[in-house]
Amino acid sequence: MRAVPAPKVWVTGLTVGAVAAVVVLAVQADKGTKPSVALTSRPSVSASPSPSARPEPAATAVPDASGTGRRIVYSLGEKRVWLVDASDAARRTFAVWPGTVDPAPGTYSVSLRRGEPRTGSDGVRIEHIVYFTAVNGVNVAFSNAVDGSSPPPANGAQTGGIRMKTADGSALWTFGETGTKVVVVN
């Protein structure tokens, strides 16, 4: 008996898998249910990207009540930041993890920047710190964790850090020079 060459086995496996997927979809269609998986048009030999590597969807528009001109817009309700250029076009938007202390809606400006890593009030090493206000003695600032992690629960502590992914922190750091307008909306 002759052994089947590896490429034929691979192609046969792909064919069997495709036929099985079509059968499952046909049965589901016959029952009127939607498939629970999406099929791609070509097989992939690479691993799926991690959730953090996926690009954000073409997110929401810049909030209407956020003013005009070059600014950083922070939405308390959406937990999202927009970097808006002078033509009022959003150049980047991303989700954030707010601290336990929220600034009041209004207009502020970047007052201080700290690029070197430090320890945040929650004990996490942070960088790209962009301060814009204080609430009852708690500094409120944008930053990202050096290790890229999301912040742990505050355990009752008052924290004013608005954290973001590392790439977003770098973008905000570059955009948010001292004096840049920061608009906080609900």
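User: Hi! Which residues point one way from β2, and which point the other way?

Analyst: Hello! R80, W82 and V84 point one way from β2, while V81 and L83 point the other way, and all are buried. Keep in mind that this is a predicted model.

User: Okay, and why is β2 described as largely enclosed?

Analyst: Five of the five residues of β2 are buried, so the strand is largely enclosed by the rest of the structure. Here, buried means under 20% relative accessible area.

User: Which sense does β2 pair in with β3, parallel or antiparallel?

Analyst: Antiparallel: β2, residues 80-84, pairs with β3 over five bridges. You can pick out partners across the two strands. W82 has T93 as its bridge partner in β3, and V81 has F94.

User: What about β1 and β2, how many bridges there?

Analyst: β1 and β2 pair over five bridges, in the antiparallel sense. One example to look for is I72, whose bridge partner in β2 is L83.

User: What joins these strands up? How many residues sit between β1 and β2 in their hairpin?

Analyst: Four residues lie between β1 and β2 in that hairpin. β2 and β3 form a hairpin too, with five residues between them. In the turn of the β2 and β3 hairpin, D88 has a positive phi of about 70°.

User: And which residue has a positive phi in the β1 and β2 turn?

Analyst: That would be K79, with a positive phi of about 50°, although K79 is not a glycine. K79 lies in the loop between β1 and β2, and its relative accessibility is 42%, so it counts as partly exposed.

User: Is N136 buried or exposed?

Analyst: Exposed, with a relative accessible area of 76%.

User: Let's zoom out. How many helices and strands does the protein chain have?

Analyst: The protein chain has two helices and ten strands. Reading from the N terminus, the elements run α-β-β-β-β-β-β-β-β-β-α-β. The chain has 186 residues, and buried residues make up 31% of them.

User: In what order do the strands of the five-strand open sheet come?

Analyst: The order is β3-β2-β1-β10-β4, and the pairing is mixed. β3 (90-95) and β4 (106-109) stand at the edges with a single partner strand each, so one side of each is left without a neighbour in the sheet. From one strand to the next, the twist averages 20°.

User: New topic: loops. Where is S66, and is it buried or exposed?

Analyst: S66 is in the loop between α1 (6-31) and β1 (71-75). S66 is buried, with a relative accessible area of 1%. Setting aside residues up to four places away in sequence, S66 touches R71, V73, V183 and V185.

User: And where would I find W97?

Analyst: Look in the loop between β3 and β4. W97 has a relative accessible area of 31%, so it counts as partly exposed.

User: What does W97 contact, leaving aside its neighbours within four places in sequence?

Analyst: W97 is in contact with S149, S150, P151, G161, I162, R163, M164 and K165. Take M164: it is 67 residues apart from W97 along the chain, and their C-alpha atoms are separated by 6.3 Å.

User: What share of contacts comes from residues 24 or more positions apart?

Analyst: Among contacts in the protein chain with a separation of 6 or more, residues 24 or more positions apart account for 51%.

User: Last topic, pockets. How much space lies in the largest pocket, and which residues lie nearest its centre?

Analyst: About 390 Å³ of space lies in the largest pocket. Its lining has 25 residues, and S121, T159, G160, G161 and R163 lie nearest the centre. The elements giving two or more residues to that lining are β6 (118-119), β7 (125-135), β8 (138-145) and β9 (161-164).

User: Which element gives the most to the lining of the largest pocket?

Analyst: β8 does, with four residues.

User: And how do the lining residues divide by type?

Analyst: The lining of the largest pocket has eleven nonpolar, eleven polar and three charged residues.

Definitions and conventions: Residues are numbered from 1 along each chain as its sequence is written. This is a predicted model: local features need pLDDT of at least 70, side-chain atom pairs count only at pLDDT 80 or more; totals for chains, interfaces and linings use all residues. Side-chain values use heavy atoms; hydrogens and water are left out. On a 1 Å grid over the protein atoms alone, a cavity is a set of points where a 1.4 Å probe fits but cannot get out, and a pocket is an open set with protein on both sides within 12 Å along at least five of seven lines; lining residues have an atom within 4 Å of a point. Grid points are joined across faces, edges and corners, and a volume is the space filled by probe spheres set on the points. Ala, Val, Leu, Ile, Met, Phe, Trp, Tyr, Cys and Pro count as nonpolar, Asp, Glu, Lys and Arg as charged, and the others, Gly among them, as polar. Two strands pair if DSSP finds at least two bridges between them. Axes are lines fitted to C-alpha atoms, for helices over the stretch in contact, and angles run from 0 to 180 degrees between N-to-C directions. Buried means under 20% relative accessible area, exposed over 50%, partly exposed in between (1.4 Å probe, protein chains only). Contact means heavy atoms within 4.5 Å.
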